[in-house]
Amino acid sequence: MIRIEISLFLKNAPGELGKLTELLAGTSINIDAITIQDASAYVQNLFEARGKSLKRLASYASYSSMRKDSAEFALIRLIVDQPEKAMELLKENDYLFDSKEVVTIDITNKPGEFTKITKKFGEEKININYVYGSVSDSDGKCLFIFCPEDVKSAALIFKDGY
């Protein structure tokens with residue numbers, strides 16, 4: 001299923017994630033999935049992309065500054081049950097965020113199930129930029145979030161399940 005993922009930078013300090021989640025919970029917005037990484041890894045990827053492409057995306061001074069400053073922030077990616085309402089709330093509270101379409105798939109929690117899905121992506125020649133997921137329990141379903149290069153094609157191959 002295609003869903004909206006919200007990405008935002010959050011100050012990397014005690015209590016900041018609690019403030020964000022309290023804001024969402026206070027308006028009955030449920031978080032279905034979340035991933036958090038320190039933003040320095042994100043900036044490091046920019047450095048690596050620059051090195052591979054030999055294209056300058058920013059000046060060296062800008063990269064150095066971004067690298068230093070990025071350790072103070074975390075990159076949060078969220079899947080929520082009411083994305084439009086969440087984005088409006090984030091906007092009202094001066095959060096800087098972006099949104100994009102991703103593919104979410106409920107997976108049975110047993111060996112080989114994840115393999116079936118990732119092999120289908122490969123067979124269809126669809127690259128996965130990143131993935132994260134959750135496991136409820138050994139008998140339950142898992143929700144995995146995929147960010148493929150071609151969201152619409154990926155969603156079509158899983159429209160009837162995996």
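This is a predicted model: local features need pLDDT of at least 70, side-chain atom pairs count only at pLDDT 80 or more; totals for chains, interfaces and linings use all residues.
View 1. Helices (H or I, at least four residues) and strands (E, at least two) are DSSP runs, numbered from the N terminus. From that end, the elements run β-α-β-α-α-β-α-β-α-β-β-α. Of the 162 residues, 33% are buried, meaning under 20% relative accessible area with a 1.4 Å probe and protein chains only; exposed means over 50%, and partly exposed lies in between. Residues are numbered from 1 along each chain as its sequence is written, and side-chain values use heavy atoms, leaving out hydrogens and water. Local features need pLDDT of at least 70 and side-chain atom pairs 80 or more, while totals for chains, interfaces and linings use all residues.

**View 2. Strand 1 pairs with strand 3 and strand 4.** Strands pair if DSSP finds at least two bridges between them. Strand 1 (residues 2-11) and strand 4 (residues 97-108) run antiparallel, joined by seven bridges. Strand 3 (residues 73-80) is also antiparallel to strand 1, over seven bridges. Follow Leu 8. Its bridge partner in strand 4 is Phe 97. In strand 3, Leu 8 stands opposite Ile 76.

**View 3. Leu 17 belongs to a nonpolar surface patch.** Leu 17 sits in helix 1 (residues 16-25). Leu 17 counts as partly exposed because its relative accessibility is 32%. Patch residues have over 30% relative accessible area and no salt bridge (a Lys or Arg side-chain nitrogen within 4 Å of an Asp or Glu carboxyl oxygen); nonpolar side chains (Val, Leu, Ile, Met, Phe, Trp, Tyr) are joined within 5 Å, like charges within 9 Å.

Methods
Accessible areas come from the Shrake-Rupley method with a 1.4 Å probe; for residues, only the protein chains shown count as cover.
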